[in-house]
Amino acid sequence: MSHTVELHTNKGVIRIELDVEKAPLSVANFLSYVRKGHYDGTIFHRVIKGFMIQGGGMEAGMKQKSTDAPIQNEANNGLTNDHYTLAMARTNAPHSASSQFFINTTNNGFLNFKSESPSGWGYAVFGKVVEGKDIVDAIEKVKTGRSGFHDDVPLEDVVIERAVEVN
């Protein structure tokens with residue numbers, strides 16, 4: 001069974017199919033944030049051309065939103081960080097993902113699971129873009145700069161106006 005979520009951005013709609021079978025914890029976590037409106041009004045706050053676009057945790061002005069407890073890393077689920085896949089963002093700690101996610105804008109094999117060690121865990125893929133790849137490409141091309149302690153921040157806000165579950 002798959003779930004689909006639409007991210008309605010100020011650049012257009014990105015439709016994502018979630019893989020509940022291979023990434024049940026990540027999907028449940030993401031859907032929990034979608035259902036309570038956490039992503040509405042957040043921005044893609046980190047955009048690196050030829051790598052990924054990241055969102056889900058900041059409002060305009062780089063104001064961090066509070067999150068639920070971090071989840072277990074599911075990067076050992078067999079899914080890989082390929083172009084247009086959706087993965088959980090995290091800190092250097094393997095099991096620190098909460099609300100932030102990223103969309104790979106190229107094949108990022110170096111982010112894949114290698115071993116259950118601090119350096120080998122990788123980043124858990126839990127879905128893929130099925131419509132709106134052109135929107136992902138457009139977001140990837142925005143001009144970025146520095147904002148406070150953050151690099152690679154879009155100079156003009158790329159806003160997730162709302163995230164909705166469509167099935």
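At 29% relative accessibility, E17 counts as partly exposed, a label for anything between buried (under 20% relative accessible area) and exposed (over 50%), worked out with a 1.4 Å probe on protein chains only. Its side chain meets that of K128 in a salt bridge, at 3.8 Å from N to O; the term asks for a side-chain nitrogen of Lys or Arg within 4 Å of a carboxyl oxygen of Asp or Glu. K128 is partly exposed too, with a relative accessible area of 41%.

Before going on, a word about where this comes from. This is a predicted model, in which local features need pLDDT of at least 70 and side-chain atom pairs count only at pLDDT 80 or more, while totals for chains, interfaces and linings use all residues. Residues are numbered from 1 along each chain as its sequence is written, and side-chain values use heavy atoms, with hydrogens and water left out.

Back to the charges: the count comes to seven salt bridges. Helices (H or I, at least four residues) and strands (E, at least two) are DSSP runs here, numbered from the N terminus. Another bridge joins the side chains of D68 and K36, at 2.5 Å from N to O. D68 sits in the loop between β5 (63-64) and β6, and K36 in the loop between α1 and β3 (42-48), so this pair ties together parts that are 32 residues apart in sequence. Both ends are partly exposed, D68 with a relative accessible area of 33% and K36 at 48%. Then there's R146 with D151, at 2.6 Å from N to O, where R146 is exposed at 54% and D151 is partly exposed at 44%. E6, R15 and E131, meanwhile, are linked in a network of salt bridges.

Now zoom out. The chain has two helices and 11 strands, running β-β-α-β-β-β-β-β-β-α-β-β-β from the N terminus on. Its radius of gyration is 14 Å, close to the 15 Å that the globule rule gives for 167 residues, so the chain is as compact as a globular protein of that length. That radius is taken over C-alpha atoms, and the rule is 2.2 Å times the number of residues to the power 0.38.

What about the inside? Buried residues make up 49% of the 167 residues. The largest nonpolar core has 31 residues, and L7, I14, L18, F30, F44, F101 and F126 touch the most other members. Such a core is a set of buried Ala, Val, Leu, Ile, Met, Phe, Trp, Tyr and Cys residues joined through side-chain atoms within 4.5 Å. The largest share of this core, five residues, comes from α1. A second, separate core of eight residues includes L79, A87, F102 and V125.

The buried residues of α1 are S26, V27, N29, F30, L31, Y33 and V34. Just after α1, G37 takes a positive phi of about 80°.
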